[in-house]
Amino acid sequence: MMTPFAHKYQRIFYILSLAALLLSATVCLVCYFLGVNPLDYVHPCLFNQLTGYYCPGCGGTRAVLSLLHLNLIQSFIYHPFVPYVAIIAAIFIVSYTVSLISKGRLSYFKLRPIYFYISIVLILGNFVVKNILIYNGIWIE
């Protein structure tokens, strides 16, 4: 069984996760109130344009948008890494916050190296599966 990362790394990840959540929420609110569509500023994937194949990150933007619309299954289909990270981060942030509020009386969900290895497998698996489907004439959109 893999041991969790050191406590100091858990705390750093917690702070970075809260900062990313705050920044994301701020960007979403600003875009909403200003009527700006952030997708107007997203450039097409250069790897996809040059090769005709998906890159390991292709589908990520669509996955994030589906997740924001609370469509977890569609988000997973677009890119399984996005909902996976969202779920792990949500569990970690909530449990760590509860642990801080309880002054350590309640334990928190500890991040382990296996969760990061799973992330790598999801990214590479998405890349391989989608490109095999394209090679066989099944286009995913």
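Helix H6 covers residues 113-135, and since its 23 residues should span 33 Å at 1.5 Å a residue, the 33 Å between its end C-alpha atoms agrees with that expectation; the expected span is taken as 1.5 Å times one less than the number of residues, and helices are DSSP runs of H or I with at least four residues, numbered from the N terminus. The model is a predicted one, in which local features need pLDDT of at least 70 and side-chain atom pairs count only at pLDDT 80 or more, whereas totals for chains, interfaces and linings use all residues. Residues are numbered from 1 along each chain as its sequence is written, and side-chain values use heavy atoms, with hydrogens and water left out.

Within H6, the buried residues are Pro 113, Tyr 115, Ser 119, Leu 122, Asn 126, Lys 130, Asn 131 and Ile 134, where buried means under 20% relative accessible area with a 1.4 Å probe and protein chains only. The cover over these residues includes helix H4 (72-78) and helix H5 (81-101), a contact being heavy atoms within 4.5 Å. Asn 131 is buried, with a relative accessible area of 10%, and, leaving aside residues up to four places away in sequence, Asn 131 touches Tyr 53 and Tyr 54. Asn 131 and Tyr 54 are 77 residues apart in sequence, yet their C-alpha atoms are 6.2 Å apart in space. Tyr 54 also has Lys 130 over its face, at 5.4 Å from the ring centre; the criterion is that NZ of Lys or CZ of Arg is within 6 Å of the ring centre and within 35 degrees of the ring normal. After H6 comes Gly 137, whose phi is positive, near 85 degrees.

Helix H5 has 21 residues and reaches 30 Å from its first C-alpha to its last, close to the 30 Å expected at 1.5 Å a residue. Its buried residues include Val 82, Ala 89, Phe 92 and Tyr 96, and what covers the buried residues of H5 includes H1, H3, H4 and H6. Just after H5, Lys 103 takes a positive phi of about 60 degrees.

The whole structure holds ten aromatic pairs, counted where ring centres of Phe, Tyr and Trp (its six-membered ring) lie within 6.5 Å, with planes under 30 degrees apart called stacked, over 60 edge-to-face and the rest tilted. One of them joins Tyr 14 and Phe 92 edge-to-face, at 6.4 Å centre to centre and 70 degrees between the planes. This pair links distant parts of the chain, with Tyr 14 in helix H1 (residues 7-34) and Phe 92 in helix H5, 78 residues apart. Both Tyr 14 and Phe 92 are buried, and together with Phe 13, Tyr 96 and Tyr 108 they form one aromatic cluster. Over the face of Tyr 108 lies Lys 110, at 4.5 Å from the ring centre.

The largest pocket holds about 820 Å³ of space. A pocket here is an open set of points on a 1 Å grid over the protein atoms alone, where a 1.4 Å probe fits, with protein on both sides within 12 Å along at least five of seven lines, and lining residues have an atom within 4 Å of a point. Of the 27 lining residues, Leu 67, Val 82, Val 85, Ala 86 and Ala 89 are the closest to the centre of the largest pocket. H1, helix H3 (60-68), H5 and H6 each give two or more residues to the lining, and H5 gives the most, with nine residues.

How values were computed
Buried means under 20% relative accessible area, exposed over 50%, partly exposed in between (1.4 Å probe, protein chains only). Grid points are joined across faces, edges and corners, and a volume is the space filled by probe spheres set on the points.
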